[in-house]
Amino acid sequence: MVIGKSHKRVDAFDKVTGRARYTDDMCPKHAYVTRILHSTIAHGRVVSVDTSEAEKIDGVVKILTCFDVPDLPFPTAGHPWSNDPAHQDVADRKLLNEHVRYYGDDVAAVIAEDYVAADRAIQALKVEYEEYPFVIDPIKAAQDGAPLIHPERQNDNILAHSDIRIGNYEEAIKEPGLIKVEGWYYTPTVQHAHIENHICYAYREQGGRMTVVTSTQIPHIVRRVVAQALGWPWGKVRIIKPYIGGGFGNKQDALYEPLCAWLSLQVGGHPVKLDVSREETFVNNRVRHAMPCHIISWLRPDGTFAARKLELWSDQGAYASHGHSVVAKAMGAFPQLYPCDNVEADSWTVYTNKPVAGAMRAYGMPQATFHNECHIEDIVTKMNLDPVEFRRKNCMPVGYYDDFSKNELYHDTFNQCLDKAIALIDYDKKVELYKNQTGPVRRGIGTSLFWYNTAVWPISVETSSCRMILNQDGSIQLMTGETEIGQGCDTAFAQMAADTVGLRLEDVHVFTNQDTDVTPYGSGAYASRQTYIGGFAIKQTGELLKAKILRHAQKLTRMPVAILDIVNGNIVRTTDSRILMTVGELATRILYDMEESEHIAAESTYSIRSNAYSFGASIAEVEVDIPLCRAKLLNIVNVHDCGILINPKLAEAQVHGGMSMGIGFGLYEELLVDEKTGRILNDNLLDYKLPTTVDHPDLLVDFAENPEPTSPFGTKALGEPPACSPAPAIRNAILQATGVAINSLPMNPHKLFAEFTKAGLFETL
Amino acid sequence: MIEKQFKTITFTLNGKQVTTSVDMRESLSDMLRNDFGLTSVKKGCEVGECGACTVLVNGEVFASCIFLAIWADGKDVLTVEGLVDVDGTISDIQQAFIDETAVQCGFCTPGFIMSAEHLLRTGKRYTRDELRKELAGNMCRCTGYHNIINAVEKAMNARLAKKAGKE
């Protein structure tokens, strides 16, 4: 068995030596380069683009503007195609836009021989705009009379609204003696800030097909979107995905691949490279949806819920991208994490004149976890209840079943995770220690649970394919459509394949670079789905391959299949554990058999109709310097139930990264918009505060390893969940330390100063 | 018409003397990537913020994206490729990154390794907090830095122990 062991990453050697090839490392040197002209107004129409001066610049190959692109609106979300037209993603943008909808929208593109020429040409372009009023607040944008952002599609800015109704909220709140707790909570726009910016290059091959090599999480989906944007049959597009330098959901979108492919076509299919700058990554890729949220809970004096109400707005920015599905997932947590008989929940996704929001690690759940877990703390504070006990008593009980997703909570996950977190951080002692503090520097400790569900069934198809090819030496090539983006899935997949077929880990060669001409279909890296979904396809394909090998083994050894097995790359007779031959000997004999040669291989698709909850908790300990308005994170622990760990060290590393993103979300990060112009003010790593080494304490991690019964390997989501609960745990720790509730992220000195002032905290020092 | 200006420079690259003609406006990172195929030198911001392009020049840490290629003339430049022996044996700090699971997407990894190599070459013993301070110029979005600090600490302790053993 290699599953459950912390094998070294299969790609680590290539990455520490610089040999791993990323997109830019593969681009031919003679490729043309491009720069994009971005709008300098937040909303309006391009009246004209004067290219005459720019075209005179030496090295400029071609300039294309919004007036040149095909009238083919296309969607960009990294969702699988839906056979149901009503469920397909909103197609609301063109390759370049005449109607510009945010400060930075794509107006024109310069193709040039080098960046000096391209940059000079961009500066020489003269654009005339007709300006429209703009709106950057999602609640205001949802109101009547707001400037219309997509008037050709709809007569308001509400991309979608959905609701949940359980019981009767209005009747339930009439129960006598109820205690009302109400709060507004706000999570800001943040950006993925993977270290490799998005980059792609496109060229036309012989036969007229278009190849795009791109830093993407979703090659098979990008293929479809590029074809849609060009108006081409899907099979004429080929996407190659090399190693990628992080994605976190930003690259779960068709970003600039469609434009790059179209630009290449404008220069006869010559290779064209579109290398996005850091500034463009912040403004012109995707961001996390900002979400203002309003929650009212009605509680009985015994600390049980009578009724709950949620209103949630999602700031979509200028184009639909992933659209309403993000806030719909966020809303879904509300009635489930703390079930109640009477729930009224509404969510709106609203267009604004801002950078486009899409998928980002945990897809609405860091936002929802902040809203929900701040509110729970507000309840226990108001009612003077124990925060941990309240959570234990009111959170989703063991055996909870959701009829829509078919998810079930099989284990006592929440209590196990809380128990482990409490022990690791010495919670009980610290709660006592930090009671009744005075003075300018105070400490606090806070808790948060989180809710997450793996994968996207039944909202979208969940399908994954796998191919295994047996080599003459008994090793295999493993191909899936699921993508390695840094999380370590190639290693986990190799472990799964080795155990299923009966091979040694070193005999599994993972084909890491997806190429849609070669690799079978997989939807890609999102929804923390790959070890869960990919696991089914690997298990099924591995069993098919094993059955084929054993059939041949029967022929060669004269032993019935029933008493044969494959162990560590050997054909073994199970009755006496004798090794009869190696898989390599078998593969060679069968491939070169003069009578009946066979290249042994297996391929299959597995489409699942199940889903899995993946829960856990964070506890954070902070020190607040009140005069400095600074909260310092001293300790933080995350405990997860993600089922059986395929590779414990890799799992732990995943949790570290998610916690780090949660810490950034909690304390540091926010993409700032100039209210006067709609321009992003901090589109670089100097002004956008990404947490560095000094902003982290050591990160404590543990797991409650309950096998997930629906998975062949007992596993479920881990990639995204760790980002959910750190921010509210930190907020609740600051509340314990100071008595002040910070309801808006990030909890930086600016926020703390305003809230401490409002609370009169400085006067108490 | 844009006049291109080239200069011939000679410098030591990963232990070997090289001579090349380079555009005077070009960055060291572009030259190392484009002219020498050193793909370990990554570009994440091109303004010296992220640290992905970190190399050592005369033993000092530099963001090669804001270091002009012509400034390398006469100097000694070291990248991650230069830490690997001719027979393919990787260095202790590279091995520590593998062993401590300090690698995820791998894009910040070579730059981090070069910053760490610089620290290890000082022969000083750093506390964990000091390591965090010294390495704050390199950004990583995948790891939360925990395993990176572990890897650097482990390699540092091993090198110091080896040195103490020799003395």
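Note on a predicted two-chain model

1. The secondary structure of chain B comes to 5 helices and 5 strands. Reading from the N terminus, these elements of chain B follow the order β-β-α-β-β-β-α-α-α-α. This is a predicted model, and the points below should be read as a description of that prediction.

2. Chain B is split into domain 1, residues 6–83, and domain 2, residues 92–166. The centres of these two domains of chain B, taken over C-alpha atoms, are 22 Å apart. Their contact draws 15 residues from domain 1 of chain B and 14 residues from domain 2 of chain B. On the domain 1 side, strand S3 (residues 54–57) of chain B gives the largest share, 3 residues. That side of domain 1 of chain B is made of 8 nonpolar, 6 polar and 1 charged residues.

3. What is the radius of gyration of chain B, and what value would a compact globule have? Chain B has 16 Å; a compact globule of 167 residues would have a value near 15 Å, so the two agree. The C-alpha trace of chain B spans about 55 × 35 × 25 Å along its principal axes.

4. Helix H3 (residues 109–121) of chain B packs against helix H5 (residues 146–166) of chain B at an angle of about 30 degrees, and their axes are 10 Å apart. The crossing of H3(B) past H5(B) is right-handed. On H3(B) the contact is made by B:Phe112, B:Ala116, B:Leu119 and B:Leu120, and on H5(B) by B:Ile148, B:Val152, B:Ala155, B:Met156 and B:Arg159. By class, this contact of H3(B) with H5(B) has 8 nonpolar residues, no polar ones and 1 charged.

5. Chain A has 20 helices and 29 strands. A compact globule of 765 residues would have a radius of gyration near 27 Å, and chain A has 27 Å, so chain A agrees with that expectation. The C-alpha atoms of chain A fill a box of roughly 90 × 75 × 50 Å along the principal axes.

6. Chain A is divided into three domains, and two of them are built from separate stretches of sequence: domain 1 covers 13–132 + 198–275, domain 2 covers 291–456 + 610–764, and domain 3 covers 463–607. The centres of domain 1 and domain 3 of chain A, taken over C-alpha atoms, are separated by 38 Å. Contact between these two involves 19 residues of domain 1 of chain A and 16 residues of domain 3 of chain A. Helix H7 (219–230) and strand S11 (237–241) of chain A each supply at least two residues of the domain 1 side. By class, that side of domain 1 of chain A has 9 nonpolar, 7 polar and 3 charged residues.

7. Chain A has an open sheet of 8 strands with mixed pairing, in the order S3-S5-S1-S12-S9-S10-S11-S21. Which strands stand at the edges? They are strand S3 (60–65) and strand S21 (514–515) of chain A; each has a single partner strand, so one side of each is left without a neighbour in the sheet. Within the sheet, strand S9 (residues 199–204) and strand S12 (residues 272–275) of chain A run antiparallel and are joined by 4 bridges. A:Ile199 stands opposite A:Asp275 in S12(A).

8. Helices also pack on this sheet. Helix H4 (residues 115–124) of chain A touches strand S1 (32–38), S3 and strand S5 (106–112) of chain A, and its direction makes about 20 degrees with that of S1(A). Helix H8 (residues 257–266) of chain A touches S1, S3, S5, S9, strand S10 (210–214) and S12 of chain A, and its direction makes about 35 degrees with that of S9(A).

9. Elsewhere in chain A, the axes of helix H11 (residues 365–383) and helix H12 (residues 387–394) come within 10 Å and cross at roughly 115 degrees. The crossing of H11(A) and H12(A) is right-handed. A:Ile376, A:Glu377 and A:Val380 in H11(A) meet A:Pro387, A:Phe390 and A:Arg391 in H12(A). The contact of H11(A) with H12(A) has 4 nonpolar, no polar and 2 charged residues.

10. The last point concerns the two chains together. 50 residues of chain A are in contact with 44 residues of chain B. Helix H1 (12–16), H4 and helix H18 (648–667) are the elements of chain A that give two or more residues to its side of this contact. H18(A) supplies the largest share of that side, 7 residues. The residues on the chain A side divide into 21 nonpolar, 17 polar and 12 charged.

Note on methods: Residues are numbered from 1 along each chain as its sequence is written. Chains are lettered from A and ligands numbered from 1 in the order in which they are written. This is a predicted model: local features need pLDDT of at least 70, side-chain atom pairs count only at pLDDT 80 or more; totals for chains, interfaces and linings use all residues. Domain bounds come from an automatic or database domain assignment. Two residues are in contact if their C-beta atoms, placed from the backbone, lie within 7 Å. Ala, Val, Leu, Ile, Met, Phe, Trp, Tyr, Cys and Pro count as nonpolar, Asp, Glu, Lys and Arg as charged, and the others, Gly among them, as polar. Two strands pair if DSSP finds at least two bridges between them. Axes are lines fitted to C-alpha atoms, for helices over the stretch in contact, and angles run from 0 to 180 degrees between N-to-C directions. A crossing is left-handed if the near helix is turned anticlockwise from the far one by less than a right angle, and right-handed if clockwise. The radius of gyration is taken over C-alpha atoms; the globule rule is 2.2 Å times the number of residues to the power 0.38.
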